[in-house]
Amino acid sequence: MADTPSRSPAAAPARRKSGRHRGEGQWAVGHFTPLNANEQVKKDDDGLNVRTRIETIYSRTGFHSIDPGDLRGRMRWWGLYTQRKPGIDGGRTAVLAPEELDDEFFMLRVRVDGGRLTTAQLRVIGEVSQEFARGTADITDRQNIQYHWIRIEDVPEIWRRLEAVGLSTTEACGDTPRVILGSPVAGIAEDEILDGTPAIEEIHRRFIGNPDFSNLPRKFKSAVSGSPLLDVAHEINDVAFVGVRHPEHGPGFDLWVGGGLSTNPRIGVRLGAWVPLDEVADVFGAVIGIFRDYGYRRLRNRARLKFLVADWGAERFRQVLEDEYLGRRLTDGPAPEQPLHRWRDHVGVHRQKDGRFYVGFAPRVGRVDGATLTKIAELAEQHGSGRVRTTAEQKMIVLDVPEEQVPSLVAGLEALDLRVAPSPFRRGTMACTGIEFCKLAITETKARGASLIDELERRLPEFDEPVTININGCPNACARIQVADIGLKGQLVTDERGEQVEGFQVHLGGALGLEAGFGRKVRGLKVTSAELPDYVERVLRRFQAERTEGERFAQWAARADEEALS
């Protein structure tokens, strides 16, 4: 596959000097002058270059020597964010200056493209966690591993250890092509349409760490999956390749663009194009090139691809993709079929196409620790082939387990409180980082989610319907609140005594899949953190009482009256 031609700011053609998007900072229409501080920082120096300063200066001279443009900007290109200083309540999140919120420690994100890990890699991740991150190592909903409490002095050694086993933090954050989501059972599932792993590897080789694509208007999220379960949340990625079978050309991918959540959520749109496996990286390069060149750079809150797609529409986007970037027409193709199962996380025991089994398990809200990860690595080596996977639902999977080894592996995981047959609450509850470490957060999330699971399991032991409960500490939707059955957006609310306390705005009835949509907001429906278990129990009992046969929670929530939802 030929590399996609680069188009740097200096080389981008000046076209359409006037028109609808004049002044949006689009390179492709000749607007190269930075229109905000973030764009100026990127123009001053590529974020990829900060690694040398981290290794040769900052790791030796300490936190207070870090240039502010590096500290709150370019260091993200290597997976580093400053974390929240302890003791600052959510009411002060939007009031304090960044330097007042900054702790002298970092979050460090390890990218795990396609969720693919070896046990050797997982063991190193666990060892780094225990030695440098106070035991932290959360599984994210983008298949990454996330550390906290990282000192700048330790970063070069952490990189050395991770890279020695083939792992990286390159462009795990920043205005870059971030981790590529992939089906965690690619290449092994019995029902797979096709294995997208070669495409993920080729995208990584050509575009990750490539200076031609390291200055995007904002972050760029992507996904490639050939699973009929639609297991990578393709609807909310900037670009996604979804496995389909073309009636004439066979297995390939349906192309989606322009999805994303945050404060202006949008479901991605189909371009109606079928892409064969060996052309996925070319098309990825063309889409990311459009974003780089035509993306809006004037305002950060309009700098995602979804805004360009919304303004252009699918037809024009496909035309520009074909005419200006690919130089050829794409093949028209079919839409994905409706998945047969509601759960898309691969939890449980499942037969592989080679006759062995994979075993998926659920921690609480993605919260694990380094010691647990090293024990998972040991179990996977004892019972499998040394391959493990992370999922886009904060879960993990051990691959290649002989049938006779499955009971022993399940017992070992259960002993670590990693459920192979979890309750729907353990399985369906997801939480972002929250106020514990995140500088944007208003409320606590991880501990709140874990305690909510325990309460619901105690109060509703017979509840067996698939239901997702997504908890976010702020409006930015890292935990996908708008597409959950019950989405909880952290904010300050007023309790019965008239005092401001932590709580949540409630979204009800969101969903992903081919019936994707955003949850309903009932006017004034907010709950305090203390009231949360009572509220969720109440609404789930009403669902059980009022639902029709086969009706999903999202369908019931869409038709229920406001009293039933409050």
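Biologist: Is E322 buried or exposed, and at what relative accessibility?

Modeller: This is a predicted model, in which local features need pLDDT of at least 70 and side-chain atom pairs count only at pLDDT 80 or more, while totals for chains, interfaces and linings use all residues. Residues are numbered from 1 along each chain as its sequence is written, and side-chain values use heavy atoms, with hydrogens and water left out. Buried means under 20% relative accessible area, exposed over 50%, and partly exposed in between, for a 1.4 Å probe and protein chains only. E322 therefore counts as buried, at a relative accessibility of 6%.

Biologist: How many residues apart in sequence are the parts that the salt bridge of E131 with R161 ties together?

Modeller: The closest N and O atoms of E131 and R161 are 2.7 Å apart. E131 lies in helix α5 (residues 119-132) and R161 in helix α6, so the pair ties together parts whose separation in sequence is 30 residues.

Biologist: Where do E455 and R459 lie?

Modeller: The side chains of E455 and R459 meet in a salt bridge, at 2.9 Å from N to O. The two residues are 4 apart, about one turn of the helix, and both lie in helix α14 (residues 446-459).

Biologist: How many salt bridges does the structure hold?

Modeller: Salt bridges that share partners join R364, E414, D417, R419, R426 and D454 into one network. For the structure, the number of salt bridges is 57.

Biologist: Why is the pair of F220 and F284 described as it is, and what is its geometry called?

Modeller: Rings of Phe, Tyr and Trp (its six-membered ring) pair if their centres lie within 6.5 Å; planes under 30 degrees apart count as stacked, over 60 as edge-to-face and the rest as tilted. F220 is in strand β7 (residues 220-225) and F284 in helix α8 (residues 280-294), 64 residues apart. Their ring centres are 5.6 Å apart and their planes at 85°, so the pair is edge-to-face.

Biologist: Which residues do ring pairs link into a cluster?

Modeller: F220 counts as buried at 0% relative accessibility, and F284 is buried at 1%. Ring pairs link both of them into a cluster whose members are F207, F213, F220, F284 and F291.

Biologist: Where is D485 found?

Modeller: D485 is buried, with a relative accessible area of 0%. Contact means heavy atoms within 4.5 Å; not counting residues up to four places away in sequence, D485 touches several residues, including R342, H507 and F553. D485 is found in the loop between β17 (469-472) and β18 (486-494).

How values were computed
Salt bridge = Lys/Arg side-chain N within 4 Å of Asp/Glu carboxyl O.
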